[in-house]
Amino acid sequence: MTAPLDREAIAERLAATGYVPDRDLATALALMQRLGRPLLLEGEAGVGKTEIAKALAEIHGTRLIRLQCWEGLDRAAALYEWNYQRQLLAIKAREGHDAKVVEAEIFSEAYLLERPLLAAIRQETAPVLLIDEIDRADEEFEAFLLELLSDFQVTIPELGTITATSVPHVILTSNATRELSDALRRRCLYHYVDYPAPDREARILLARLPAIDTALATQIARFLAKLRKEDLAKVPGVAESLDFAASLVGLADLREDPDAVRDALIALLKTREDRARLAPQVIARLVEASA
Amino acid sequence: MRPAPAAMPEIDVPAAIRGRLAGFVRSLRMNGFPVGLAESRDALAILAEADLARPAALMPSLRTLFASRPSDWERFPEIYAAYWRARRTGMRVTTSGASRTGGLDIRSWPGPQAKPAIEGVPDRVTRTDEAEDHAAESGDEAGSRRAGGSRVESLAHTDFRHLTDPAEIEAAHALAERLARRMRTRLVRRERIARRGRRIDLRRTLARAVEHGGEPIDLVRRRPRAKPLKLVILLDASGSMSVYSATFVRFMHGVLAGFARADAFVFHTRLIQVSQALRERDPVRAAERFALLAQGFGGGTRIGAALETFNRAYASRTLTSRTAVMIVSDGYDTGEPEVLAREMARLRRRARRVIWLNPMLGWRDYAPAARGMRAALPHVDLFAPAHDLASLAALEPELARL
């Protein structure tokens with residue numbers, strides 16, 4: 001494993017990858033490496049939790065292995081599975097051979113399908129393992145995951161125990177659709193990801209959209225901060241604000257072209273209810289207040 | 001740079017700082033943070049790291065380590081500041097959102113402060129012994145299907161208002177809880193019997209094929225499991241409901257223990273999520289945590305406003321197409337009925353079913369005349385009484401039909 005980076009270095013490298021971190025997040029990432037514990041990121045949808053894992057993989061120059069959770073996710077889809085079709089073919093093809101030989105053959109590495117969790121512990125260099133939306137998986141899976149995260153070894157009955165060649169950097173994300181178990185929470189370090197503050201959001205826009213005018217980026221960031229305080233069914237996240245800003249690149253001021261702003265709102269407000277609630281006057285007022 | 005924690009058994013931190021850290025850990029525990037030995041050790045490791053122990057980085061580092069949920073995350077800076085600044089005066093530091101609001105009336109909750117004489121709620125619940133357990137078990141049966149012993153029988157049909165004997169109250173609470181758990185097991189059994197195969201399960205088929213010398217003769221099939229039912233309970237904790245709320249707290253505790261996916265909220269003038277508190281295994285501790293959260297009621301009930309909060313802040317996360325929403329309230333709303341009607345309509349659109357339990361419906365000659373109740377009724381799928389255990393038991397088939 002490479003030597004752990006300190007907080008400043010992480011902040012610098014994150015910035016170099018185009019991810020604009022807040023200081024506390026850099027601290028959390030430094031700590032996660034130092035203590036060798038998984039990091040649980042919680043926050044609203046669209047605040048950039050998944051982006052954090054991608055950026056972390058980039059600063060370490062390693063692979064990102066992602067496990068997307070869903071209801072009903074089980075070991076076969078998350079850890080490993082035998083390639084049954086090939087096994088059946090092999091049995092047919094070797095009919096008449098010594099049964100022991102055939103068995104040893106079909107339960108060998110060549111017939112093993114690696115799923116994300118197994119892949120993550122068998123890498124040469126420690127990868128970043130992103131377990132996305134853990135709250136969507138069932139509680140039984142959570143318990144199984146806990147076991148894996150504490151010893152980093154997997155037992156495959158036909159093959160034996162596989163111990164991690166390198167301990168991955170584990171990041172879990174949750175949208176809080178379900179309460180996670182206390183055991184999992186205690187196992188993990190925790191960071192709550194909030195919508196970015198206006199100055200940070202402006203920096204994100206500038207980093208991602210180099211063509212954008214600095215004053216406009218600041219204005220859009222302030223506008224977003226005000227918009228998120230309105231009573232919306234679906235609060236726009238960072239991805240939405242990037243789309244919104246991208247469609248306005250070229251302007252110097254939001255007040256310059258109210259029609260363009262109104263058209264660009266489709267990138268931000270995605271339910272009919274929200275569109276109805278924010279009448280043009282309301283938008284005009286928010287724009288005026290953000291100038 | 002230091003190596004990974006496994007390689008640093010001895011952590012070089014002065015004794016004075018160790019002591020202060022121990023004090024801080026105590027203060028966190030007092031505030032309900034689940035801090036174990038592993039966390040304390042990691043905290044020492046942080047103090048030994050030059051870059052993390054710097055004043056600007058220490059708070060965020062410890063916060064990442066000790067907090068484990070959004071509410072803790074939010075409270076942490078306050079507790080941190082209070083401890084490290086106030087330590088010289090030796091004051092005890094506890095903060096909680098609820099205690100700041102004041103004006104609490106905790107008597108009707110079986111919380112730590114509740115005295116035995118008040119409202120007949122026992123302050124400590126002793127573990128029911130074997131014999132009582134059996135009595136309660138059969139009483140559960142009585143509540144749902146057939147008649148049991150006479151005492152139990154009478155319990156099932158006694159309005160919660162009329163229970164006065166502490167032992168009787170505890171028995172009723174335990175019954176309510178067991179009833180909630182039983183509902184779950186019945187529902188699950190139904191799902192399993194209904195299961196029939198559609199897709200071939202290769203793993204099992206191959207395992208079976210060994211018996212036939214490798215010929216997959218028996219095909220093992222499977223079908224995706226039916227999605228389990230999800231239940232969201234909203235409990236009215238206003239003054240007018242106080243005689244019933246203690247029982248429903250136990251009912252909710254049972255539901256949360258039994259259902260894989262359930263959420264509980266309590267409302268009076270505000271809406272508070274209580275699922276976490278009620279997930280506590282021990283019912284008495286759960287009720288204590290619940291009482292702490294539910295402090296500060298006493299004003300009027302604003303059902304409409306509470307539902308508005310729910311629809312805005314929680315609905316998108318907690319409601320799915322297989323969610324039943326159960327509202328337990330007497331329908332006395334001090335807010336505008338229009339608001340309640342609008343929010344009920346929004347709720348109805350998102351949830352599979354909306355059930356409204358009104359304890360007063362069990363009273364003789366009661367008609368839902370309260371303005372709020374009338375406004376809400378058009379948007380309710382099932383309007384049922386919930387004044388005694390028999391009426392709670394009658395709900396089970398309704399829930400199974402989802």
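Analyst: **A sheet and its helices**

Strand S1 (residues 39-42) and strand S8 (residues 169-174) of chain A run parallel and are joined by four bridges. Leu39(A) shows one such link: its bridge partner in S8(A) is Ile171(A). Strands here are DSSP runs of E, at least two residues long, and helices are runs of H or I, at least four long, both numbered from the N terminus. Two strands count as paired if DSSP finds at least two bridges between them.

This is a predicted model: local features need pLDDT of at least 70, side-chain atom pairs need 80 or more, totals for chains, interfaces and linings use all residues, and side-chain values use heavy atoms, without hydrogens or water. Residues are numbered from 1 along each chain as its sequence is written, while chains are lettered from A and ligands numbered from 1 in the order written.

Now widen the view. S1(A) and S8(A) belong to an open sheet of five strands, in the order S2-S5-S8-S1-S9, with parallel pairing. Its edges are S2 (64-68) and S9 (189-192) of chain A, and each pairs on one side only. From one strand to the next, the twist averages 20°.

Two helices lie on these strands. H2(A) lies across S1, S8 and S9 of chain A, and runs at about 165° to S9(A). Helix H3 (residues 49-60) of chain A packs on the sheet too. H3(A) touches S1, S2, S5 (128-132) and S8 of chain A, and makes about 170° with the direction of S8(A). Such angles run from 0 to 180 degrees between N-to-C directions, with axes fitted to C-alpha atoms (for helices, over the stretch in contact). Contact means heavy atoms within 4.5 Å.

Nine of the twelve residues of H3(A) are buried. Buried means under 20% relative accessible area, exposed means over 50%, and partly exposed lies in between (1.4 Å probe, protein chains only). Among the buried ones are Ile52(A), Leu56(A) and His60(A). Their cover includes H1 (7-16), H2, S1, S2, S5 and S8 of chain A. After H3(A) comes Gly61(A), with a positive phi near 60°.

One residue ties this picture together. His169(A) sits in strand S8 of chain A. Its relative accessible area is 10%, which means that His169(A) is buried.

Last, the core. In soluble globular proteins, nonpolar side chains tend to be buried together. The largest nonpolar core here has 95 residues. Such a core is a set of buried Ala, Val, Leu, Ile, Met, Phe, Trp, Tyr and Cys residues joined through side-chain atoms within 4.5 Å. Leu29(A), Leu172(A) and Phe66(B) are among the residues with the most contacts inside this core. H2 (residues 23-35) of chain A gives the most to it, with eight residues. Apart from this core lies another, of 37 residues, among them Met241(B) and Ile355(B).
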